[in-house]
Amino acid sequence: MGGELRYEIGQNAYIKLVLHALKHKTSATNGVLLGRLVDEDLVQISDSVPLSHSQIGLLPALEIALLQIEEHFGAQGLSIVGYYHANERYDDFDLGSAARNIGDHIHRYFPQAAVLLLDNRKLETLSEGKDRSPVVQLYTRDATRSWKQTGSDGNSRLTIKEPSANIVLLDYILSEKWKGIVDFDDHLDDIGKDWLNPDLFK
Amino acid sequence: MVGAVEEAQLNRLENQVDNGGGGAWEYLCLVRKLKVRRSEKVLKHGLSILNDPKQRSKLGGEEWTLYEQVAIAAMDCQCVDIAKDCINALQRKFPESMRVGRLKGMLLEARGSWKDAEVAYSSLLEDNPLDQVIQKRRVAMAKAQGNISGAIECLNKYLEIFMADHEAWRELAEIYVSLQMYKQAAFCYEELILCQPLVPLYHLAYADVLYTLGGLENLQMSKKYYASTIDLTGGKNTRALFGICLCSAAIAQLSKGRNKEDKDSSELHTLAAKTLEKEYKQRSLTKLPLLTATLRNLKLPS
């Protein structure tokens, strides 16, 4: 096989996952990444759907969400290509077992799946405005079938499609845009709320 | 844990206060009563009352309750100096108070001085060994430092003495779920249902855990508890309705080749599916095709 698999995440997908975590500062949050495989060595992540901010680790809501998400995005030619997670505590940099299990499940249907873990330290220093790299850690499944963090050797395999994404993100954080984000949990509590967040970036 | 009606009332009041329509004190009282965590709003509106001498004097004795509420909210928002000022005011008014001592312990926690906080709490516990709040602070500290197994141990010891503390059982259940220790989580929800059999949230959470555990017996039990949730909530709880469908599909999968289910049960998921479709038609029309496809993909037995 040629070069390593790279991941490119679109601005909206990226910003959504950070805003989701910011809306629920006192709990863990998670969601799925949508996209497609391009050219054998590039996974394009074009959208994300926030799933949950409570009782991550229980199956029912997850199963219903995945069914609806696959149905909706399948019609657009997109598949579930990954999973994102943000831990409850600030200084928790581990990928927990629930996150790994969900990652495994997604990996079964999309072998090039990625898992993104929010990096709180990077998020905190975002306001210094110097870094263009995403405020997440990338995990992929290696030959031992476990999720390993990649890119810690300085060679990042994850890039954001739009170079000024972090500046836009910072702007949204300052204007408290995270208040408007809806996840699947919110939808199950009130089905009038739309987990596709169609008006979030308008 | 707040029902939909109370949450709507709270949000209405919050919007009113945010937009200058008054009612800050009512809002703060409601937050206290419902025990919700809205620290940024509490800090903002509580401070505006405390910093206005006229409004403060109108509160009379309740002024001190407000100082305590604002101190805790300030700590939650990492405004440690504001918290300190509130606690100092309380200390001057109630110099020997245990309640103020607790707040001082929490201030040490907010600063990350875990060892000092532990010392402060231990000495308070010497005089008041049965103080529930301090015992629970210790659990919170363990959790905050990432010592989850310590938090579990502490919480279990606490529940041996205070077995009627529902919040503690819920916290323990949620910790177990986050660690995927579903059997232990199930036990907690069983305790909660025994204590408070008419609270639908516990039936729903128990059903979710049983479904996650899997296996024919658990799925059948899970279906019963989704059904009781629907019963207790007047028939429209979306999660429970989906739960019935998920259970029926999973049971059908596992029972392939065995005896067919009774007719009653198959009516149940058909009813659940119909109710979901009706709800989506009324309140979420754009998602109705997705719902229909989802129910079809579940392969519900007919």
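**Exercise 1. Find the partner with which B:Asp18 forms a salt bridge, and state which parts of chain B the pair ties together.**

Solution. We begin with the term itself, since a salt bridge is a side-chain nitrogen of Lys or Arg within 4 Å of a carboxyl oxygen of Asp or Glu. In this predicted model, B:Asp18 forms such a bridge with B:Lys41, and the closest N and O atoms are 2.8 Å apart. Next we place the two residues on helices, which, like strands, are DSSP runs numbered from the N terminus (helices H or I with at least four residues, strands E with at least two). B:Asp18 lies in helix H1 (residues 4–18) of chain B and B:Lys41 in helix H3 (residues 39–50) of chain B, so the pair ties together parts that are 23 residues apart in sequence. Last, B:Asp18 has a relative accessible area of 26% and is partly exposed, where buried means under 20%, exposed over 50% and partly exposed in between (1.4 Å probe, protein chains only).

A note on conventions: residues are numbered from 1 along each chain as its sequence is written, and chains are lettered from A and ligands numbered from 1 in the order in which they are written. Because the model is predicted, local features need pLDDT of at least 70 and side-chain atom pairs count only at pLDDT 80 or more, while totals for chains, interfaces and linings use all residues; side-chain values use heavy atoms, with hydrogens and water left out.

**Exercise 2. Decide whether B:Asp131 and B:Arg102 are buried or exposed, and where each of them lies.**

Solution. B:Asp131 forms a salt bridge with B:Arg102, with 2.8 Å between the closest N and O atoms. The pair links distant parts of the chain, for B:Asp131 sits in the loop between helix H8 (114–127) and helix H9 (132–144) of chain B, whereas B:Arg102 belongs to helix H7 (residues 98–110) of chain B, 29 residues apart. Both B:Asp131 and B:Arg102 are buried. Another pair to set beside them is B:Arg56 and B:Glu63, whose side chains meet in a salt bridge at 3.3 Å, N to O; here B:Arg56 is partly exposed at 26% relative accessibility, while B:Glu63 is buried at 13%. Over all chains, the structure holds 29 salt bridges.

**Exercise 3. Describe how helices H10 and H11 of chain B cross.**

Solution. The axes, which are lines fitted to C-alpha atoms, for helices over the stretch in contact, with angles from 0 to 180 degrees between N-to-C directions, come within 10 Å for H10 (residues 148–161) and H11 (residues 166–178) of chain B and cross at roughly 150°. H10(B) and H11(B) are therefore roughly antiparallel to each other, given that angles under 35 degrees count as roughly parallel, over 145 as roughly antiparallel, 65 to 115 as roughly perpendicular and the rest as oblique.

**Exercise 4. Work out which residues B:Tyr176 touches.**

Solution. B:Tyr176 is placed in helix H11 of chain B, and at 7% relative accessibility it counts as buried. Not counting residues up to four places away in sequence, B:Tyr176 touches B:Ile152, B:Asn156, B:Met181, B:Gln184, B:Ala185 and B:Cys188. For B:Lys223, by contrast, the C-alpha to C-alpha distance from B:Tyr176 is 22 Å, and the two residues are 47 residues apart in sequence.

Methods: Contact = heavy atoms within 4.5 Å.
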